[in-house]
Structures are given as C-alpha cells and as structure tokens.
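Here are my notes on the model you sent over.

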Amino acid sequence: MRIDVLTLFPEVFEPFLRSSIVGRAVSSGLVEIGLTNIRDFAHDRHKSVDDTPFGGGPGMVMACGPVFEAVESVSAQREGQPVRVLLTPQGRLMDQSAVRELAGHEWLILLCGHYEGFDERIRVGMDVRELSIGDYVLSGGEAAALVVMDAVVRLLPGALGHEDSAEHDSFTDGLLEYPQYTRPREFRGMAVPDILLSGDHGKIAAWRREQALERTRQRRPDLLEDREAPGGSRGEDD
Ligand code: 9D3
C-alpha cells in the first residue's frame with residue numbers, strides 16, 4: 001500500500017514513521033509513505049496557502065490553488081487512482097468499518113487542513129471523501145491523519161506479526177475487551193481470577209466472552225445494537 005500525506009507540517013509525521021507498528025510496516029516494505037508539503041505549491045513570494053474568507057469572518061481559509069496542484073502532482077506520480085481523503089470535522093465519522101474500507105485500497109492520499117477550513121471548491125472540484133475522527137475540535141488534520149494511518153496500517157496482512165489479534169477473533173468481535181492479567185498471580189491483595197489458572201480452555205473462553213459482553217452492555221450498549229450476534233442474543237436485558 002502507498003499512503004501520501006499532504007500537509008503544511010510534514011515534519012510532525014517523521015518520528016511516528018520511525019517508531020510504532022507503522023514504522024515497522026514501512027521498514028518491512030508493507031507500506032510506503034510519502035510526505036508532501038502543500039506550501040511547496042504556493043506561488044507568491046510569501047508562499048501563502050491561505051487567505052481571508054469572502055464575506056468576512058474570523059480566521060483564514062485554505063486556498064484552492066496550492067491544494068489542487070499538490071493533489072494533482074502527487075496523483076500523477078504513479079499508476080492508478082488514489083482514494084483521496086479530506087480530513088475535516090464535517091466528514092463521515094471514522095469507525096472500524098471505514099478503516100477496513102480504506103485498508104482495501106492500494107493507494108490513499110490524506111489531505112490535512114489547517115486554519116478555519118478548506119475553500120468549498122476543494123470539496124466540489126476534486127474527487128475527495130471527507131473523514132472526521134470524532135466529535136471534538138483539533139487544530140488541524142495532522143493528528144487525524146496519524147490516527148487514520150495507524151488504524152489502516154495495522155490491518156495490512158503481516159503488520160502485527162501476530163495475526164490472531166482481537167480484530168480477527170470472531171468470538172469477541174465488536175465487543176470491548178475482556179479483563180486481562182499477567183504475572184504475578186496476586187498483586188497488592190488483588191488476585192487473578194481462578195478460572196484463568198484452571199487450564200480449562202473451554203471455560204476460559206466462555207468466561208472471557210461473558211466478561212466482554214457484560215462490559216460492553218455496561219459501557220457501550222450502542223456497540224451491541226446493530227451487530228450480527230455471533231452467539232450473543234440482542235437486547236437480553238430488555
Ligand atoms: C469555525 C468552526 N471551526 C472551529 C470550531 C471549525 C473547525 C475548522 C478546522 C474546527 C476544526 C478544524 C481543524 N480540524 C481538523 O482539521 C480535523 C478534525 C477535527 O477537528 N475533529 C475531528 N476530526 C478531524 S479531521 C480534521
């Protein structure tokens with residue numbers, strides 16, 4: 001997979017790309033990341049990429065020229081059609097199904113904004129999909145692009161190194177995680193549940209599933225609402 005990030009702050013991505021699961025995926029050739037500074041496509045001597053909004057109002061707006069040119073330049077650098085993702089608070093809310101969908105493409109362009117937003121013609125005049133990572137206010141798209149990259153790259157086959165992860169565990173799929181323990185068996189008076197030490201893998205699996213279900217019912221009942229119940233009936237408490 002190839003991911004190009006278009007941003008005014010390419011340097012913020014570099015430490016991340018040297019560490020983490022993403023860094024390992026880059027080193028092992030599973031993913032190739034390109035960083036492009038939108039400012040390289042500014043034309044005036046001040047290298048400006050933003051301007052005041054028509055109609056007045058606070059803040060600055062990302063202008064069309066440099067953004068169109070940066071996207072077109074990067075899109076022409078290789079074969080095929082990249083999926084272009086505009087990171088904005090108005091986008092579709094990212095969830096794991098959006099991540100899975102993105103991970104199925106060969107080439108992504110992640111377009112990060114700054115200032116008060118993008119000139120509307122960037123949405124209208126380019127083939128882009130808009131994505132938000134949640135209902136809170138960031139100061140730009142960079143942190144969101146890091147989140148998207150992390151979530152997408154760890155789904156690429158081979159990225160985790162242990163493919164029996166929670167994502168592939170149909171037994172607890174879509175549920176919150178069950179309680180986990182490691183040594184010591186007792187810590188400050190808190191003991192590991194006996195069942196985990198029993199060696200009975202059937203009972204352990206059933207216990208974990210019950211714990212995951214109960215925790216999800218309590219903390220995130222919304223996650224139970226529209227899932228295909230693989231063994232868990234829906235609305236048991238109703
Ligand atoms: C005039 C109202 N603005 C401030 C409340 C709108 C606004 C513009 C630009 C708010 C945030 C931003 C910068 N945010 C992003 O670029 C962004 C984002 C986010 O803020 N939250 C969740 N997902 C994303 S993806 C990109």
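1. Starting with the ligand: 16 residues sit around it, and the ones that come nearest are E116, I133, G134, Y136 and L138. Keep in mind while you look at the site that this is a predicted model.

2. A ligand nitrogen lies 2.8 Å from a polar backbone atom of Y136. As for cover, the ligand on its own has 570 Å² of accessible area, and the protein covers 74% of that.

3. How far can you trust the coordinates? The average pLDDT for the protein is 93, with 91% of the residues scoring at least 70. The stretch to treat with care is residues 231-238, where pLDDT stays under 50. The model has 8 contacts beyond four places in sequence for that stretch.

4. Now the packing. The largest nonpolar core has 32 residues, and I3, V31, L87, L102, L110, V148 and V152 have the most contacts inside it. At least two residues each come from β1 (2-7), α1 (14-18), α2 (20-27), β5 (83-93), α4 (96-103), β6 (107-112) and α6 (142-153). Helix α6 gives the most, with 7 residues.

5. Leaving aside residues up to four places away in sequence, V148 touches L87, M94, L102, L110, L131 and I133. I133 also turned up in point 1, among the residues that come nearest to the ligand. There is a second, separate core too: it has 21 residues, including L8, F41, M62 and F118. In soluble globular proteins, nonpolar side chains tend to be buried together.

6. Last, C64. Where is C64 placed? It is in helix α3, which covers residues 64-75. Is C64 buried or exposed? With a relative accessible area of 16%, C64 counts as buried, because the cut-off for buried is under 20%.

7. What does C64 touch, not counting residues up to four places away in sequence? Its partners are D119, R121 and I122. For a distance to check in your viewer, take C64 and R123: they are 59 residues apart along the chain, and their C-alpha atoms are separated by 9.9 Å.

Definitions and conventions. Residues numbered from 1 in each chain as written. Predicted model: local features only at pLDDT ≥ 70, side-chain atom pairs only at ≥ 80, totals over all residues. Heavy atoms only, no water. Core = buried A, V, L, I, M, F, W, Y, C linked by side-chain atoms within 4.5 Å. Buried < 20%, exposed > 50% of the residue type's maximum accessible area, 1.4 Å probe, protein only. Helix = DSSP H or I, 4+ residues; strand = E, 2+ residues; numbered from the N terminus. Contact = heavy atoms within 4.5 Å. pLDDT = per-residue confidence, 0-100. Near = heavy atom within 4 Å. Polar contact = N/O pair within 3.5 Å; in protein donor to acceptor, adjacent residues only side chain to side chain. Areas by Shrake-Rupley, 256 points an atom, 1.4 Å probe, with all protein chains shown as cover.
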